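Welcome! Please take a moment to look over the sequence and the 3D structure before reading on.

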Amino acid sequence: MKKYLLINKVLTISIIFSIILSTALINNTIHSLASSASVSFYTEKTQMEEGEVFYVYVNINSSSNIGYFETSITYNSEVLEYIEGSSKIKSSDGLLTITDNDQVNITKQKKYVMKFRAKTAGNSEFVIRDEVKVLDYDSNLEMSVASTKLAITIAESKKLSDNNKLTSLITEGVTLYPEFDPDITAYNAEIKGEISKININPIAQDLNAKIEIIGNEQLNYGLNIITISVTSEIGNVKQYTINATKKMQETVTSQEEIPTDGNSQNNTNDEIATNNLSQIHLTKEDNKTYIQGNYRYEILELEDMSILPEGYTERKTLINDMEVTSYVKDNLEQNDFILLYAANQYNEKSLYQYDTTEKTIQRYLKPIIIKENAKSTFNDESNNDKLNNNTMLIVALLGMCIILSIISLNLFAKSRGIKDDEFI
């Protein structure tokens, strides 16, 4: 009987222990089977050109907190160049290894960024090599992992053209001299007085080149410079110019503006005389500003302000929508005439007068009437001085005459024996 009871106790304890152990194993198995993770790749676009820089993202999503992650990724290193990425990524030729044992930032999602450059045309796949190891933070058990791959195609980069030449330059009703040649960039043309705009049709050799025409609006009498700029795909610019001339209108100049010193014929041929006004055109080349009428001048900053006429100060002025340094009379609200300091083609520097109303320019000549006024003032002062001196001399002579008369009377009285009291 006692032996039978002992056997029952042993069986009961064994059964209870087996139940407890089985329950624990079942719970762990269920927990382990329930925890899973997925690894995927992402990039903004999968088709690129040579030379492009792009990013690839590795995303991990799991049903439980991630305690540890480790994987290896392969790619085509002949097509792609790895530049940089997360500190948890180690790189070797065509192989990236990610090891993350972060025990601080515990989450169910992780992201890793990798930066690449497209080296050459071809294809590359981002693929998980071998198995991915993802551990559950709470149980430290390995999760089941599913992964995807990413395919990228690199195309040859489009070669940009450097062709900035014209294949033809048609000007309706206007003849160009010389005849058009893609390698000749400067042309002359004569236009009739009623023409205010030339119908220009330039065609580029490269259809992707950009063409811009400047200076072909409201053509004035005299010289008009029309510029056709051709910009290639890589940004090289070639400029063709048409020097279109209308017959100049004669301009009458007042007599007092003509110099009287006989030196007016000694001016260089390129200077604009006061009786040869021309309407202007402004251009900017190599950070230099040029103003062009009959002749071309470079606008400069005046260093020696002493050569300015009295009452003029420096000011920025807009001419044809281009800001230039000018010199104006500071006592006038509206300046119809301003001065510019410029150099001609011989680098001879001088002041030039610009008419803001007529849009013309001429060499600045100081009006002679100013000199005559100065001379007249000087003569008046000299005459006043002479008049004052003569007046003083006359007064002195009158005084001497009076004194001599008194002395003569005294002498006459004494010679007659007249006493002083009798004489008085």
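The model is predicted, so to speak of a local feature a pLDDT of at least 70 is needed, side-chain atom pairs count only at pLDDT 80 or more, and totals for chains, interfaces and linings use all residues. Residues are numbered from 1 along each chain as its sequence is written, and side-chain values use heavy atoms, with hydrogens and water left out.

Let's begin with strand β20, residues 288–292. Strands here are DSSP runs (E, at least two residues), numbered from the N terminus. Four of the five residues of β20 are buried, so the strand is largely enclosed by the rest of the structure; buried means under 20% relative accessible area with a 1.4 Å probe, protein chains only. Two strands pair if DSSP finds at least two bridges between them.

**A five-strand sheet**

β3 and β8 belong to an open sheet of five strands with mixed pairing, in the order β5-β8-β3-β1-β10. At the edges stand β5 (80–85) and β10 (144–147), each with a single partner strand, so one side of each has no neighbour in the sheet. From one strand to the next, the twist averages 25 degrees.

Is T171 buried or exposed? T171 is buried, with a relative accessible area of 10%. This residue sits in strand β12 (residues 166–172). A polar atom of the T171 side chain lies 2.7 Å from the backbone oxygen of V174. Leaving aside residues up to four places away in sequence, T171 touches L176, I198, N199, I200 and I242, where contact means heavy atoms within 4.5 Å.

**The second largest pocket**

How many residues line the second largest pocket? The lining has 18 residues, of which E217, N220, I280, H281 and N320 lie nearest the centre. β16 (222–231) and β19 each supply at least two lining residues, and β16 gives the largest share, three residues.

Definitions and conventions. Buried < 20%, exposed > 50% of the residue type's maximum accessible area, 1.4 Å probe, protein only. Axes fitted to C-alpha atoms, helices over the stretch in contact; angles between N-to-C directions. Polar contact = N/O pair within 3.5 Å; in protein donor to acceptor, adjacent residues only side chain to side chain. 1 Å grid on protein atoms, 1.4 Å probe; cavity = no way out; pocket = protein on both sides within 12 Å on 5 of 7 lines; lining within 4 Å.
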